[in-house]
Amino acid sequence: MSKDLDDLLTEYFQPEKLKAAFQAYEQQKTDFFQQGEPKVQMGVDGISYQTFKKELDLRCQLLSNRLLKGTYQFYSFREIEISKPSGGKRVLSIATIRDVIVQKVLYDAIYKEIEKDFKATLRLDKVSCAYRKGKSAPYAARLIHHYIKQGFVFALDADIVKFFDRLSHEYLFEIIERKFCQDTLATKLLRRFIKTGGLPHKNKGGKTYSYRFFHHHKPILNNQRIIRTQGIPQGGVLSGMLANLYLHEFDCWIINDLAKRYSLRYIRYADDFVILLKQQKLISLVHQEVAQKLENLKLELHTDESKTKYVDIAQDSLKFVGFQFTLKDIRVRTENILRFQDIIFKKIEKEPSYKTGNNPEYRFNFFIKNVINQKVTGRGDKKCVVCGGVVGERVKSWMGFFMVITDIQQIRELDKWIRKEVSKHFYKKYQLRLKKSDFKNAGLITLEQEYYRLHKRKRCLCEKSNCSSSQMNDSNAIEHTGASQTLSWNFMGNFLKIIFRKLFAL
């Protein structure tokens, strides 16, 4: 297997493959709604996107030569702090453009081999929902919702302490060598990636470096280099894959061992996981065993009650991966509603800067069609030229992410809020009074309309069926069809309510 994988890497590390990976990355970083160049960040090598693209053929050839000879080394990461949705700070590691390309190509080359472990059984395939094709936070939300409907209404909502920063290199290297053997090209590259250090985003005086600082002052920071003795860099495609690989033994232990002693359901998204039970008294027992197992894997479970919680879903809703779960519904977490409102606020504040003339009605119509509607619909669907169905997992938009919710009243209230804030702005700025009919005439696409449109989409019939969706009939685990049926009935119920409301209104 290892020799075959090295042969595959030789194929993937050809210049044309590296060039294609750059072009895919370039497209990914291009803002669909605004003109201009892709927002590609500069790494510590100081090479800009413009320079890299100008010399693309030469650089891809040099990368290919080093990779195939086994002499390729990753640059140090440029480390920055960002705010976490749950509070606190997280350090992200920004790679150089060339290292991003290598990560992506290496990820594509070894993905199928690693997936074999994650798909060893039907039950195991369902538990790990992050950083895998066909899996996502909405996928995890549907599973949890279905489990709750089955009566698993008591939850251990757990979080591992600084998982990405603290995971053991020694243990991770053992896993990699068992998987890919000791002296293979894949193993060497993964080891180098894991050991690659970083450069701080602030100097010793606390001043934050702008990313362009590294274009001129790289040598100055050599004495500030961070040596990585544990943990892995966050932010790249390889990081998520390695995180799943590290926790694979933990997943197997819960499914194959712990689940034999306790009737439970288990879902993990990166380092956050939920264990659902039917009996409240079992939560503390499961908690103790889980904490001990993680300690054996050189990890620590949060003892803070705000991080690791016991939840009786009948009394207090469960919050996980951006969603909020009650006995009846999947809802959007309040924090995510507030973040969406903040984005709309910023769009409204920016409206006066649009060069669309002095006519308030024209400005209003332009703003609805080209700003609000685009925010609601995102990049839109990718249609199959053969059957006309939608290609891909989901629409890349806020509503595309939260389309699995079952509480429609939330998005109705959000639609009202959008109309209210837009109306306030146009009256205050242009003395233009707006009615609900004005929004309709301007072609406003509401979140509710988008929600129903997404549920009525016809899937592409030409795509090969995904293994994770076709193999969902394990009686001991969540059945995908059951979760889909639950959501479908909720969708039909909401749809019929609208019809009856309109009929009685007449």
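**Close-up views of a predicted chain**

**Figure 1. The whole chain at a glance.** Residues 24 or more positions apart make up 74% of the chain's contacts with a separation of 6 or more (a contact means heavy atoms within 4.5 Å). This is a predicted model, where local features need pLDDT of at least 70, side-chain atom pairs count only at pLDDT 80 or more, and totals for chains, interfaces and linings use all residues. Residues are numbered from 1 along each chain as its sequence is written, and side-chain values use heavy atoms, leaving out hydrogens and water. You'll find 22 helices and 12 strands here; these are DSSP runs numbered from the N terminus, with helices being H or I of at least four residues and strands E of at least two. Of the 506 residues, 50% count as buried (buried is under 20% relative accessible area, exposed is over 50%, and partly exposed is in between, with a 1.4 Å probe and protein chains only). The chain exposes about 25800 Å², with carbon and sulfur atoms supplying 51% of that (Shrake-Rupley method, 1.4 Å probe; for residues, only the protein chains shown count as cover).

Figure 2. Strand 8 is joined to strand 9 (residues 323-325) by three bridges, and Phe320 stands opposite Phe323 of strand 9.

**Figure 3. Strand 6 and its two partners.** Five of the six residues of strand 6 (residues 272-277) are buried, so this strand is largely enclosed by the rest of the structure. One partner is strand 3, which runs antiparallel to strand 6 and is joined to it by six bridges; look for Asp159 opposite Asp272. Strand 5 (residues 264-269) also pairs with strand 6 in the antiparallel sense, over six bridges, and here Leu264 stands opposite Leu277. Strand 5 and strand 6 form a hairpin with two residues between them, and Ala270 in the turn has a positive phi of about 60°.

**Figure 4. Two loop residues with positive phi.** Most residues other than glycine have a negative phi. Tyr131 isn't a glycine, yet its phi is positive, at about 60°. Find Tyr131 in the loop between helix 6 (122-127) and helix 7; at 39% relative accessibility, Tyr131 counts as partly exposed. Lys162 has a positive phi too, near 40°, and lies in the loop between strand 3 (154-159) and helix 8 (163-166).

**Figure 5. Helix 15 against helix 16.** The axes of helix 15 (residues 334-350) and helix 16 (residues 360-377) come within 11 Å and cross at roughly 160°. That makes helix 15 roughly antiparallel to helix 16 (angles under 35 degrees count as roughly parallel, over 145 as roughly antiparallel, 65 to 115 as roughly perpendicular and the rest as oblique). The contact is made by Phe340, Ile343, Ile344, Lys347 and Ile348 of helix 15, together with Phe367, Val371, Ile372 and Lys375 of helix 16.

Terms used
Pairing = 2+ DSSP bridges. Axes fitted to C-alpha atoms, helices over the stretch in contact; angles between N-to-C directions.
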